[in-house]
Structure formats: C-alpha cells, structure tokens
Amino acid sequence: MDSHPPSFDELYAAHYGDLTVQLYAYFGDRQEAQDVVQEAFCRAYARWRTISRYDDPVSWLRRVAWNLALSKWRRTRTALAFALRQHPAETAVAGPTPERVALIDALATLPPVHRRAMVLRYLADLTIAEIAEREGVPEGTVKSWLHRARTALAERLGHEEGVTR
Amino acid sequence: MTDQIEELFKDLRTETLAKIIAPGPGAARVAVRRKREIRAAAGSVLAVAVVAVGVGVVRNHDTGAPAAQASRPPAKRPVQQPAPDPAVLARAQAAQNALGDPNRHPWVMATGAVMSGADYENDINDIGEDKYYLYVFCAGPGRLQVTIKADQYGDKVLATGTVPCQEKPTGTRLTVTQPHTGYLRLFAHAEDGAADAAAFAFKFARTD
C-alpha cells in the first residue's frame, strides 16, 4: 500500500484529462467540461488537507465535478449545448472526427442514467459494482442499463451488437 | 461486448485528451488564493470592528460605564454592546486603510486586530511555498515586535522585525520565505504602551 498520499499536482496530472473526457461525453461540450473540472480541482485544493487523506480522493473529485456540471447544465442550458444534442455532425468542438461527433450525439439520445452508466463504465473505468454503489441501484439494474444503452448506440451508430459479456 | 462501441469510447478518450489544454494545478491555486484574498479583504474590516467593539466594552466598563451598566455585577457581560472606544476604532481604521487598495496592490491574505493585551498570535494556513513581503501597519502608541514562525508548531523563525506604532502608520516591510505550502504563524508582542492601545493590520503580498 502506498503510504504517501498523492500530491495535488499528481492528482491533477493523473485525472484532469479523464474527468474532462467523461463530462464531455455526457454533456457534449468540451470547454464547459474543462471549466467544470477545473472548478472541481479548485474545490479540492481549497480542502486539500482533508481530501488528500481520503482513501479515494478521485471519487470525491468525480462526484464534485459531476454535481457541478449537473447544476450548471440545469441552470444555464445554452443554445449551443442544446444544438449539440439536437443536431448531428458539424457544429461545436474543434475538429473532432465524424465518428467522435456521432458517438457524442448518439450518447445524447440515451436516457441520462443509461448515458451516465456508459460514461462511467467505458471512460471512468468503474466496475458495475462501483457504478451500482454510486447510483444507489442493484448491480443487475446497472447491467440492464448498459445492455440497453449498448443496443441503442449500436443501432444508432450502425454497428452490429455483439454478445454482451 | 460491443467491441466496436468500446473502441469508439477508447478513440474518443484518446482524441479528446490530445485536444485538452489543461489550465494546470497552478491556476487552481491562484483561483483559490484570489477567493481567499477577497474574503480576507471583506472580512478584515469586520474583524477589526468586532475586536474594537470588544475592547470598547472593556474600557467603558473600567472607566465608569453608563448607569444602566454600572448597576450590573462586574462579572456579567452586558447584553448590549456599548459604543467602541472612538480612539481605538480610529486606530483600527487607520491601520486598515494603510493596507491600501487590493485591486491596485493585491495581497495574498490580510487581516487586522487591536492589541488586546500584550501578545497576539495568528495561525495562517495554506500559504503557498513562495517568497512574500509582509507589511505591518500599527496605529497608536508604542511598537510591536513581530515574529513569523514556520508551520503550526516549532520555533523556526522565518522573519522578525520591529514595527513602530504611529498615529498615521507608515508600515514596516519584512521578507518572508515560506519553505513549503502550509501553515505559518504570526506573533506580535506589544511594547512601550502598545498593549491594549494600538491597532494594527498586516498583509502578505507577492514579491513579483
């Protein structure tokens, strides 16, 4: 077991990018995701003496970042964010490939809990048990969400759904 | 599993990470300190006023309080605070004013107090590793011996100096090198009549 908790800089370097990717995938706006994640790190720094002693400071950060993003999106749904969700292809983020935009747009069509489960599973690398604990539902429910989300994404993206592991 | 969808997520992560330009941990530190500076600037006047009111209560009681208070047993605190000693309040305000405009001369943290008694200590947490100027302004009689010590405990002195107290404080500047992010402590010892009379304010500012 590592007896030295990570420094703030180490935590930032290891997780700023990943957290931004997760929020970008969920909300569809990369710059907003970056702003929210930076604010989450500011809050972590303000409480660093406490946070650094947590067993899992990353989990705290992720929760704060998601809560900030949800609050922000509920308060200020900009026309751009709305357009990203409604209209496929072209707009917004600087130069993503068509496949990446398609994935973001396809994710946007999922029910929020399905979308969140997919992001946490495939971008945050959480286990089904961890997602279940975070969402406060049984593991079977998470498996169902993931299955239905994969089916919907596959259909939307024009891929064939394989056997679910 | 849907390997192709999993691959899309992996590609999304790779491509997005390549495009992200993170503001950096330093930017988070700056943002947090700026918020603390604003809170310190907003709170210091209030802190000085509150402390000054407290001193005013003691002085009024000692010198003969208004009749309503004189009838109370000395051990009881008055329910309503009397007006603060105007002279002490004026000194507190003078010291506060001497700090300057934080918009023009930003500080990392600032506060003020009245020398209630001969000794004062302030434990300041989360001062970043850096070199600072500590400006101390003292209004009133006497002088203060100011000492800065490292960390929350121990006797490692980072800076020390004498601050003359004046009716219009001009201030004394000390250079403090914080060896690592964390605590430091400021001690002030009143001399030559400054105890229970002088008011002071101090600020940490960056040297660049």
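**Chain B, start to end**

I read chain B from the N terminus, and its elements run α-α-α-α-β-β-β-β-β-β-β-β. That gives chain B four helices and eight strands; these are DSSP runs numbered from the N terminus, helices being H or I with at least four residues and strands E with at least two.

Before going on, I noted the ground rules: this is a predicted model, where local features need pLDDT of at least 70, side-chain atom pairs count only at pLDDT 80 or more, and totals for chains, interfaces and linings use all residues. Residues are numbered from 1 along each chain as its sequence is written, chains are lettered from A and ligands numbered from 1 in the order in which they are written, and side-chain values use heavy atoms, leaving out hydrogens and water.

I checked pLDDT, the predictor's confidence in each residue, from 0 to 100. Chain B averages 78, and 75% of the residues score at least 70. In chain B, confidence is highest in strand β5 (residues 157-166), at 96, and lowest in helix α3 (residues 67-70), at a mean of 42. Over residues 52-73 of chain B, pLDDT stays under 50. For the complex, the predictor gives an ipTM of 0.79 and a pTM of 0.52.

**Where the chains meet**

How many residues of chain A are in contact with chain B? I found 43 of them, against 34 residues of chain B, with contact meaning heavy atoms within 4.5 Å. The two chains bury about 3,300 Å² between them, 63% of it on carbon and sulfur atoms. Buried area here is the accessible area (1.4 Å probe) that two parts lose on being put together, summed over both.

Next I looked for salt bridges (a side-chain nitrogen of Lys or Arg within 4 Å of a carboxyl oxygen of Asp or Glu). There are three between chain A and chain B. I noted one between Arg29(B) and Asp9(A), whose closest N and O atoms are 2.6 Å apart.

Which element gives the largest share of the side of chain A that touches chain B? It's α1(A), with ten residues. By class, that side of chain A has 22 nonpolar, nine polar and twelve charged residues. For the classes, Ala, Val, Leu, Ile, Met, Phe, Trp, Tyr, Cys and Pro count as nonpolar, Asp, Glu, Lys and Arg as charged, and the others, Gly among them, as polar.

I then looked at α7(A), which is mostly covered: eight of its eleven residues are buried. Buried means under 20% relative accessible area, exposed over 50%, and partly exposed in between (1.4 Å probe, protein chains only). Among the buried ones I wrote down His114(A), Met118(A) and Tyr122(A).

Ser52(A) sits in the loop between α3 (48-51) and α4 (57-75) of chain A. Why does Ser52(A) count as buried? Because its relative accessibility is 13%.

Thr181(B) is in the loop between β6 (172-178) and β7 (182-191) of chain B. Thr181(B) counts as partly exposed because its relative accessibility is 38%. Leaving out residues up to four places away in sequence, Thr181(B) touches Tyr45(A), Asp126(B), Ile127(B), Gly128(B) and Glu129(B). Thr181(B) and Asp126(B) are 55 residues apart in sequence, and their C-alpha atoms are 6.0 Å apart in space.
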